[in-house]
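Student: Please take me through some local features of this protein model, and give the cut-offs as we go.

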Amino acid sequence: ENRRLFQPPLGVSVAMTRYVPGTLLPSVARGGDQSADWQGGKVLSEHWKTKDHASLDFPASVGPFGTQPVRLADAFNLFYRHHTSFAKPHPDTKEISMAGLDLGIGHIIFCPLSPLHPVTVSTETRGTLHIPPQAALFAFAYPATLDGMDTSRLSLDERQVSFLKYGGYLYFTDQRDVVGVTSLFPGRLGTKGLRFGRPQTLPDKIAGILTKHGRFQKITLDSLAHKGATHFAWVRPEEFGDSIACPHGCFAYTFARGGPKYFPVVEKPVFTQGMLETTLADTEAWVVIRVLCRPTIERFIIFDRTKPLESNLRKEYNSSAKAALGYLVSVGRDSDPDLSLSYKRWSGLADKASVVDPWVLMFEPDGVSSPAAKRSQIMTFPHHEFENRSETCWLSCLFQSLWHSVVFHAAFDHYLAQLEPENRLLTELLSTWGDYQDASEATLLKLSHFAEVFRSQHSQIFDGTSGCCDASEALAIIQEQLSASSSAAAQEIAAGICFVPCTGAARPDSIWEQVKELKRTRANLLAIDLLDFGSVQPSQTEIQQLAQVWADAQQKMDAQSGRLDADARPFGGYRMVAIVCFKFSCPHYVIFCRRQENPHACIFFNDVPHMTDNIGKLELPWSDVPSMCRQYSLAPKLVLLESLSAVKNAGPCTCKRP
């Protein structure tokens with residue numbers, strides 16, 4: 001027979017003209033020449049501008065779309081009858097299949113089909129979407145493989161050509177016979193058709209599964225590619241219900257920059273004309289509610305920042321629904337992943353946000369623990385005492401500073417703990433870390449062997465008279481050893497540490513200028529060496545003044561964390577981890593470590609208590625540090641800061657919860 005099978009060879013990429021939902025909308029709105037093909041579906045650009053002029057074009061939204069029946073069901077069924085070697089699509093598969101259209105004129109055209117799924121929408125919505133009553137299953141049909149074919153020679157009507165070029169939906173009976181075909185056309189806001197919610201984050205794991213099964217198809221339309229989109233896929237209703245909210249399916253997109261997103265199909269519209277025309281009062285803001293570990297379709301709410309959280313929630317949620325939200329973890333913004341505010345701090349801001357980029361209130365249900373929430377919860381790290389033999393106070397303080405850093409702690413747990421050490425120093429670091437994790441409260445840990453490795457390999461950093469070591473130099477050596485490792489993870493951890501030797505005034509603003517000159521304002525850890533190990537002992541007044549400026553800096557860092565302009569301020573994106581102090585009169589190190597449960601407090605550690613009136617461990621406010629430093633002549637030597645964004649991105653650590 002003189003039939004030509006337009007079937008791409010397996011494994012060969014075929015150039016296709018694809019309709020990606022959302023791509024025609026901007027071009028039609030701009031008066032593109034395709035508007036006549038969509039039977040009154042032209043969308044006016046003014047319908048897609050909010051009061052603050054924020055555009056709802058892709059990727060802020062897709063749709064809505066009307067659907068129209070297309071007379072192609074017989075062509076699909078004819079193909080399956082004539083070509084029994086082609087299996088009909090099956091709901092149990094997760095991969096794309098190829099469906100053929102036998103047009104009865106010597107041509108067979110193929111289009112990729114998503115896996116099948118039962119029809120989930122209500123009876124009323126079935127009628128709106130032109131879904132046949134006998135339809136039990138459906139699939140999304142990607143644009144057909146036309147391979148340069150001139151469709152004008154196929155005697156097809158406009159709807160059929162539209163389906164072939166831009167895709168649509170196929171509806172099947174229980175026996176998987178095609179009983180209906182629909183194509184899409186862009187509609188006005190408020191169209192009763194296929195409506196979508198706002199973009200939500202598609203987990204990388206789900207994106208990987210879709211990629212593995214060939215579900216993501218390359219985007220070839222410039223209108224979407226110019227917005228950064230690279231691939232798209234149809235996801236079946238509730239296909240990944242534990243990870244994404246798509247009770248009626250969704251379209252997922254990957255982007256050249258930024259993570260993948262998905263747009264869930266909704267029966268109740270998320271975007272409305274009235275919403276876009278709303279002018280907010282000065283005290284109001286656009287927000288959405290996000291529940292961690294329980295994906296839901298996100299809807300817009302107007303919050304009054306002058307009112308308590310409970311009062312704002314009461315307008316939208318009944319008591320049981322409000323209780324199901326759990327507790328508020330933080331307030332953030334999708335456009336700024338590093339932003340994390342308390343409700344009190346957020347309520348003091350004047351930013352109203354918009355429906356394009358609303359405020360996001362993240363809740364954690366009671367009894368549920370998500371990775372994101374674990375990172376947001378307060379951690380407290382167990383402390384154990386060290387013996388101070390062979391002058392190891394410098395090493396115990398250095399170890400404590402790294403141990404109490406959420407960033408370094410998480411990096412160690414996830415990467416260094418599995419590292420095969422390549423030298424004695426890293427071997428001792430891993431061994432000491434493991435001993436510290438496993439020690440009981442009564443255990444007195446020894447560092448003499450670890451210190452001896454330092455002494456044998458780096459004697460130049462030790463004082464010949466006292467035998468004490470420069471703690472700042474020791475940290476720099478650990479960084480060098482990590483950087484020299486063949487482990488890519490160790491090298492990355494080393495690259496995240498910025499060592500800043502003070503070359504001028506040891507004040508935060510001067511040090512920040514040095515950090516900017518080094519172009520390391522986004523380093524994960526900043527280690528600031530304030531005093532030269534061999535310098536003359538400062539007076540008690542000088543010690544108190546130096547401690548005061550850094551105690552004040554700690555309070556400023558905590559106060560401005562989460563501010564929209566935080567990055568523009570000295571150390572605005574950082575928080576204090578520790579201040580290591582040195583006692584010159586009888587060479588000895590002590591440390592003030594951040595109290596993870598209470599950012600306004602720190603813990604003082606001294607493994608030779610008789611030097612500080614038998615105080616070996618003490619919790620105190622940061623504001624009391626300067627007076628204590630003056631009283632015992634404890635000169636601030638090393639300041640360790642950690643990046644707030646790195647803290648947020650750190651995974652759960654081996655720590656205890658308060």
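The questions and answers below cover peptide bonds, backbone angles, a sheet, a helix and a loop.

Tutor: This is a predicted model, in which local features need pLDDT of at least 70 and side-chain atom pairs count only at pLDDT 80 or more, while totals for chains, interfaces and linings use all residues. Residues are numbered from 1 along each chain as its sequence is written, and side-chain values use heavy atoms, with hydrogens and water left out.

Student: Where is Pro 59, and what is the omega of the peptide bond from Phe 58?

Tutor: Helices (H or I, at least four residues) and strands (E, at least two) are DSSP runs, numbered from the N terminus. On that numbering, Pro 59 is in the loop between α1 (24-29) and β2 (65-69). The bond from Phe 58 to Pro 59 is cis, with omega near 10 degrees.

Student: Which residue does a cis peptide bond join to Pro 64?

Tutor: Pro 64 is also found in the loop between α1 and β2. Its cis bond has an omega of about 0 degrees, and the residue joined to Pro 64 is Gly 63.

Student: Is Asn 614 buried or exposed?

Tutor: Asn 614 lies in the loop between β26 (601-605) and β27 (617-621). Although not a glycine, Asn 614 has a positive phi of about 65 degrees. Buried means under 20% relative accessible area, exposed over 50%, and partly exposed in between (1.4 Å probe, protein chains only). At 61% relative accessibility, Asn 614 counts as exposed.

Student: Which strands stand at the edges of the open sheet of seven strands?

Tutor: Two strands pair if DSSP finds at least two bridges between them. The order is β22-β23-β28-β24-β25-β26-β27, with mixed pairing. One side of each edge strand is left without a neighbour in the sheet, because each has a single partner strand; the two are β22 (497-501) and β27.

Student: How many bridges join β26 to β27?

Tutor: Strands of a sheet pair through backbone hydrogen bonds, either parallel or antiparallel. Here Phe 604 has Leu 618 in β27 as its bridge partner. The strands β26 and β27 run antiparallel, and the number of bridges joining them is five.

Student: What angle does helix α16 make with β22?

Tutor: Contact means heavy atoms within 4.5 Å. Axes are lines fitted to C-alpha atoms, for helices over the stretch in contact, and angles run from 0 to 180 degrees between N-to-C directions. Helix α16 (residues 471-484) packs on the sheet, touching β22, β23 (525-529), β25 (588-594) and β28 (635-643). Its direction relative to that of β22 is about 145 degrees.

Student: Within what arc do the buried residues of α5 fall?

Tutor: In helix α5 (residues 204-212), the buried residues are Ile 206, Ala 207 and Leu 210. On the other side of α5, Asp 204, Lys 205, Thr 211 and Lys 212 are exposed. The arc is that of the directions from the helix axis to the C-beta atoms. The buried residues of α5 line one face of the helix, because seen down its axis they fall within an arc of 100 degrees.

Student: Which side chain makes a polar contact with that of Asp 357?

Tutor: Asp 357 is in the loop between α10 (343-347) and β19 (359-364), and is buried at 19% relative accessible area. A polar contact is a pair of N or O atoms within 3.5 Å; within protein, one must be able to donate a hydrogen and the other to accept it, and residues adjacent in sequence count only if both atoms are side-chain atoms. At 2.6 Å, the side-chain partner of Asp 357 is Ser 335.
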